[in-house]
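Here are my notes on this model, written as numbered points. Have the coordinates open while you go through them.

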Amino acid sequence: MIADKVRWAGVAKRRLRVPGAGRWAFAGRPVQADETVSLADDRGIVDYVPGDLTLTARAGTSLSEIVAATRTEGQWLPLDPWGGDEGTLGATISTATAGPHSHAMGLPRDIVLGLEFVNGAGDVIRAGGRVVKNVAGFDLTRLLVGSWGTLGIITQATVRLRGVPELSRTLAMAILPTRTGLNDLAVQLRALPFTPLASEVVSAQLANRLGFGAQSALLIRIGGNARSVTAQLDLLRAFGDATEVDDALWTTLRLADLGATASWRWSQLPSQFGDTWTAADTAARVLETYFAHGNPARGGVRLGAHAPEAQPAHLVRASTAFKGTVAVEHLPPEAWPLVSPATDDPLSRAIRDKFDPERILNAGILGVES
């Protein structure tokens with residue numbers, strides 16, 4: 001069905017917008033499209049093998065459906081993207097959205113084992129497989145992850161699952177978000193003899209919204225058996241006084257940007273996490289209402305703005321004025337023309353020529369069309 005629509009669009013020279021559930025309507029640059037092909041109704045779990053820790057589902061399957069199916073087997077899909085579990089599997093993979101557990105559990109490109117997709121010519125292509133050990137051939141799977149639907153429409157995916165830890169604990173520690181203090185914190189976290197399931201610094205504004213005070217805090221989630229958790233807690237005491245909070249806090253954190261006007265990410269080396277945080281916070285002060293959180297172990301800081309009345313120029317300045325890596329997730333449509341376009345490098349252009357030579361799939365979403 002999807003393949004037929006793409007073939008028709010290619011013949012008719014009609015450009016297609018390809019959303020999942022449509023919950024992230026302003027993600028990426030505005031798409032130049034004549035038609036919309038939604039994957040929201042192409043859903044359902046195709047195959048689930050608990051013994052292999054693998055699951056195959058159609059692209060329109062919501063993450064909440066996968067959570068419900070795997071919970072009974074003591075397993076989980078640790079994608080946990082920002083925005084919650086009502087988004088689709090296909091959209092999460094296409095945008096390479098990674099949540100708070102990504103440092104410990106892997107990014108989408110590490111979790112996705114195989115894909116079925118339809119390219120710009122309407123051909124159905126299958127890459128990867130349904131088993132963990134599959135290394136044959138060119139890695140089309142990783143190429144499609146994060147391509148924002150510009151190389152092909154993902155219709156089915158096989159993902160790697162994890163076992164739910166026997167025990168898990170979430171701790172909140174108040175911190176002073178100074179540049180040197182956060183740089184030191186990032187080094188300390190990476191020096192631990194274990195990797196926390198999640199570790200996130202949250203701004204005072206966000207801590208207040210989460211309900212545990214109006215001071216910046218470090219959130220850490222640890223897991224394992226009873227002996228392991230006890231040992232990890234002993235090591236974490238060196239970070240300061242900690243309060244145990246409910247693990248549900250991570251879901252609340254992931255939902256914090258619902259309704260946000262804009263969101264973006266800045267990153268550089270983990271040892272410079274404090275520099276990134278300070279620069280991001282300073283740039284965002286032009287906005288009345290914003291929040292920040294970041295993973296010191298990965299070096300990334302993510303910001304969101306609930307500022308519907310903000311001038312487009314202010315939003316663009318707050319989200320892009322950085323010399324490190326900048327990834328703008330979404331902005332109001334009127335702000336995008338003020339953002340410098342991405343570089344149209346020859347390699348990216350050549351890959352696009354192979355998969356979508358007529359540029360009919362999500363045209364313009366990455367800001368490069370040639």
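1. Surface first. Accessible areas here come from the Shrake-Rupley method with a 1.4 Å probe, and for residues only the protein chains shown count as cover. On that basis the protein has an accessible surface of about 16700 Å², with 52% of it belonging to carbon and sulfur atoms.

2. A word on what we're looking at. This is a predicted model, so local features need pLDDT of at least 70 and side-chain atom pairs count only at pLDDT 80 or more, while totals for chains, interfaces and linings use all residues. Residues are numbered from 1 along each chain as its sequence is written, and side-chain values use heavy atoms, with hydrogens and water left out.

3. Overall form. The radius of gyration (taken over C-alpha atoms; the globule rule is 2.2 Å times the number of residues to the power 0.38) is 21 Å, which agrees with the value near 21 Å for a compact globule of 370 residues. Along the principal axes, the C-alpha atoms fill a box of roughly 65 × 50 × 30 Å. Of the 370 residues, 49% are buried; buried means under 20% relative accessible area, exposed over 50%, and partly exposed in between (1.4 Å probe, protein chains only).

4. Contacts and elements. Taking contact as heavy atoms within 4.5 Å, 69% of the contacts between residues at least 6 apart in sequence join residues at least 24 apart. The protein has 13 helices and 17 strands, where helices (H or I, at least four residues) and strands (E, at least two) are DSSP runs numbered from the N terminus.

5. The open sheet. Which strands make it up, and in what order? There are 5, running E3-E4-E8-E6-E7 with antiparallel pairing; two strands pair if DSSP finds at least two bridges between them. At the edges sit E3 (45-49) and E7 (124-128), each pairing on one side only. From one strand to the next the twist averages 10°. Axes are lines fitted to C-alpha atoms, for helices over the stretch in contact, and angles run from 0 to 180 degrees between N-to-C directions.

6. Strand E6 and its neighbours. E6 (residues 112-118) pairs with E8 (residues 153-160) in the antiparallel sense over 6 bridges. Gly 114 stands opposite Thr 158 in E8, and Val 118 has Ile 153 as its bridge partner in that strand. Helix H2 (residues 63-71) packs on the sheet, where H2 touches E3 and E4 (54-58) and makes about 30° with the direction of E3. On the E7 side, E6 is joined by 5 bridges, again antiparallel, and there Gly 114 has Gly 128 as its bridge partner. How enclosed is E6? Its residues are buried, 7 of the 7, so the strand is largely enclosed by the rest of the structure.

7. One hairpin detail to look at. Between E6 and E7 there are 5 residues, and in this hairpin Gly 122 takes a positive phi near 90°.

8. Aromatic pairs. The structure holds 3 of them. Rings of Phe, Tyr and Trp (its six-membered ring) pair if their centres lie within 6.5 Å; planes under 30 degrees apart count as stacked, over 60 as edge-to-face and the rest as tilted. Trp 266 and Phe 322 are stacked, because their ring centres are 4.6 Å apart and their planes are at 5°. Trp 266 lies in E14 (residues 262-267) and Phe 322 in the loop between H12 (312-320) and E17 (325-330), so this pair ties together parts that are 56 residues apart in sequence. Trp 266 and Phe 322 are both buried.

9. The pair in helix H11. Phe 273 and Trp 277 form a tilted pair, 6.0 Å centre to centre with 45° between the planes. Both lie in H11 (residues 273-284), 4 residues apart, about one turn of the helix. Phe 273 is buried at 0% relative accessible area, and Trp 277 counts as buried at 5%.

10. Around E14. This strand pairs antiparallel with E16 over 6 bridges, with Ser 267 opposite Gly 300 in E16. E14 also pairs antiparallel with E17 over 5 bridges, and Arg 265 has Ala 327 as its bridge partner there.
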